[in-house]
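Hi,

Here is the structure I promised to pass on. Please have a look at it first, and then read on for what turned up.

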Amino acid sequence: MLKKYNINAQIIFLTVVLMIIPFFFENDFYYEIAILSMLNALIVIGLNLLMGYAGQVSLGHGAFAGLGAYISVVLSTTYGLNPLLSIFISVTIMALLSFLISKPILKLKGHYLAMATLGIGIIISIVLEVEEEFTGGSDGMSVDSFVVFGYEFSDSTAWYVLCAVLLVFTIWAFENLINSPFGRLLRSIHDSEKAANSVGIDVSYYKSIVFVISVVIATIAGSLYAFFSGFISPQEASFSHSIELVVMVVLGGLGRVYGALFGAVILTVLPQLLTSFEDYETLVFGCIIIAVMIFMPKGIASLFDNILKKKEQNSASS
Amino acid sequence: MLQVSSVTKQFGGLKAVDELSFNVKKGTIHSIIGPNGAGKTTLVNMITGVYKVDSGTVFLDGGDITNLATNKLVHRGICRTFQHLEICGNLTVIENVMLGFDKYMDKNILRSCFRAKSILEDEKRYLKRGMHLLDLIGLADFANKEAKNLSYGILKKLEIIRALATTPELMLLDEPVAGLNPKETEEVSELIQTVVADEVTVLLVEHDMKMIMKISDHITVMNFGKKLAEGTPKDVVNNEEVIKAYLGSGALSGR
């Protein structure tokens, strides 16, 4: 359905916010956190399309992002390919791979699908750790700088701009996608696969397509993070990273593009804010997440839904 | 238009449908009735490719559609509804109807992301047609309500309308009035009759005898997976076998 409110207005608002934020940055560390937040947000937006809209759980997206990043890095650093070309090749490989994987595993539902994606994720992270010849093993490997058309992304500002542009574009494209017939089709699969099937939708094909889209975005964001930080280790592809991504989706709000953004930003920034708690950092972090899930079971994005609803009611009653 | 010839489905030792054959004529309401467990829903599931047919064939207008998946059948002009509601609860009423138009809509991912003209035009066109369908059954006021908040009766009708949106030639309705009150039943049977007037053929599985007798052109009676009797409503009511199956053999001899 075409939404009443204007998507473009949201995009402009987001762009303005992203332009203003850097004025409050005191040093490079702030940039680093902001860039990491945005790249996480990208992966989570893709994962949210799969989990929140199409209703398919994946506990392996950290591993997909990590594997995609490794392919890009090995191609560019070890074999000296152009970074942009390496990312492109990596995206192609990951798209094919995820399409092949999706065919058998997306037949599974609920817990079983979670187990299957979990298994694949663990296999990927073990492979990355064991294939020392290519990946440098558990010590990781350093990554050459990101050079595009002769321009080297060396300072944080350039990276910030790149990630911000990518983020704004992705959010715009996804908002459009969600509000198109394609988006409605995805939501129908979430609600009732039988219903979707009965109106002629090839459910398994579209599930695969969404899976591929989410893996492609994870690959791009994961690769960019490796180039940005100049280092990559199997930690990127670990189970805990996959879980972190799922928590971001759920905390932000399943089935909301902006929820994914909130979830990613909050879960990336919060640990940094909590460092003053020192030993109790993880405890406080855990308590905050539990509290959010108890009081906002539909995620942080639901906070804004309630405000909008109240506004509507007020305007209707007056 | 639909030819079902000696289809069989076995679950373990139980033959749910046993060598059943019948023909559905174009533009008619053909009803399948039978006591609980006679195999009616199994039959619908076989025709719509949910279950694989053990043996036998299903032909539509001379083309073999045996074991073709439900979603592929929609493109051949067959659409079904379910005994137990299959409505997308988180979608609004109009979105559920528009889902029915899915096969006509542009779903190219790139064009969707960039809000291409074809996407917007499709949305506009089918929103209009969807609203028209909702008007037909007086649900236009509920168009923007989330389906999960609506009553069972409304959703039963919505499911038929959604199936109708796929513009089928043959509709399979699996117990469309189960659980409805007499007034709602009346509304649904009127809706079915309107549908048939639009040159859609209807294969109806139902328990509500009053409705069946009133609107059916042709009836096939099933019992224990086999065809018990066949004919017009009048033929069937007077058939001894049918009375036996429904009321027990004592009902006849006691008279």
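D61(B) sits in the loop that links β4 (55-60) to β5 (63-64) of chain B. One thing to keep in mind while you look at this residue: the model is a predicted one. D61(B) is not a glycine, yet its phi is positive, at about 50 degrees.

You will find R115(B) in the loop between α4 (109-113) and α5 (117-136) of chain B. R115(B) is partly exposed as well, with a relative accessible area of 29%.

Now for chain B as a whole. Its secondary structure consists of 11 helices and 10 strands. Along the principal axes, its C-alpha atoms fill a box of roughly 70 × 40 × 30 Å. Buried residues account for 53% of the 255 in chain B. Among contacts in chain B with a separation of 6 or more, 66% join residues 24 or more positions apart. The accessible surface of chain B is about 11,300 Å², and 52% of it belongs to carbon and sulfur atoms. Chain B carries 31 positive and 32 negative charges, and their mean positions are 3 Å apart.

On to chain A, which has 14 helices and four strands. A compact globule of 318 residues would have a radius of gyration near 20 Å, and the 20 Å of chain A agrees with that. The box filled by the C-alpha atoms of chain A is roughly 65 × 50 × 45 Å along the principal axes. Of the 318 residues in chain A, 53% are buried. For contacts in chain A with a separation of 6 or more, residues 24 or more positions apart make up 78%. Chain A exposes about 14,900 Å², with 68% supplied by carbon and sulfur atoms.

How far apart are the mean positions of the positive and negative charges of chain A? They are 27 Å apart, for 14 positive and 22 negative charges.

Best wishes

Conventions: Residues numbered from 1 in each chain as written. Chains lettered and ligands numbered in written order. Predicted model: local features only at pLDDT ≥ 70, side-chain atom pairs only at ≥ 80, totals over all residues. Heavy atoms only, no water. Helix = DSSP H or I, 4+ residues; strand = E, 2+ residues; numbered from the N terminus. Buried < 20%, exposed > 50% of the residue type's maximum accessible area, 1.4 Å probe, protein only. Contact = heavy atoms within 4.5 Å. Areas by Shrake-Rupley, 256 points an atom, 1.4 Å probe, with all protein chains shown as cover. Lys, Arg positive; Asp, Glu negative; His and termini not counted. Charge placed at Lys NZ, Arg CZ, Asp CG, Glu CD. Rg over C-alpha atoms; globule rule 2.2 N^0.38 Å.
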